[in-house]
Amino acid sequence: TTEARRTLDALHPLLLEARTIGLSGHTDRVGAPAFNRKLAARRAETVKRALLDLGVPRERITRVEVQCCVEDPPKVNPPARRTDVEMLIVRPAP
């Protein structure tokens with residue numbers, strides 16, 4: 001989405017600084033589990049492509065995984081429809 005792209009643009013300096021980046025695609029539990037796993041994987045891969053487009057080196061994206069089918073109610077859970085980005089940033093001590 002446009003909002004997601006703005007978020008990645010705002011994180012751009014940190015993304016370039018990160019030593020490793022892990023991505024986890026998520027879904028809610030609406031629909032068949034097999035479909036949701038594919039959807040979660042597509043979400044994570046879409047963010048991976050966006051990071052590569054921003055100049056993040058491919059070798060720093062060390063994990064792309066699926067965290068599918070949130071079990072907590074409510075059944076339709078928009079916050080579950082997302083991709084989490086985890087970054088490891090190491091800075092020297094002052």
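What you see is a predicted model, so local features need pLDDT of at least 70, side-chain atom pairs count only at pLDDT 80 or more, and totals for chains, interfaces and linings use all residues. Residues are numbered from 1 along each chain as its sequence is written, and side-chain values use heavy atoms, with hydrogens and water left out.

The protein chain has two helices and three strands (DSSP runs, H or I of at least four residues for helices, E of at least two for strands, numbered from the N terminus). Going along the sequence, they come in the pattern α-β-α-β-β. The C-alpha trace spans about 45 × 25 × 25 Å along its principal axes. Of the 94 residues, 28% are buried, meaning under 20% relative accessible area with a 1.4 Å probe, protein chains only.

Now let's zoom in on Thr83. Where does Thr83 lie? It's in strand E3, residues 83-88. Beyond its neighbours within four places in sequence, Thr83 is in contact (heavy atoms within 4.5 Å) with Leu23, Ser24, Gly25, Arg43, Ala44 and Val47.

Back to the whole chain: among contacts with a separation of 6 or more, 81% come from residues 24 or more positions apart. That's me done, thanks!

Methods:
Buried < 20%, exposed > 50% of the residue type's maximum accessible area, 1.4 Å probe, protein only.
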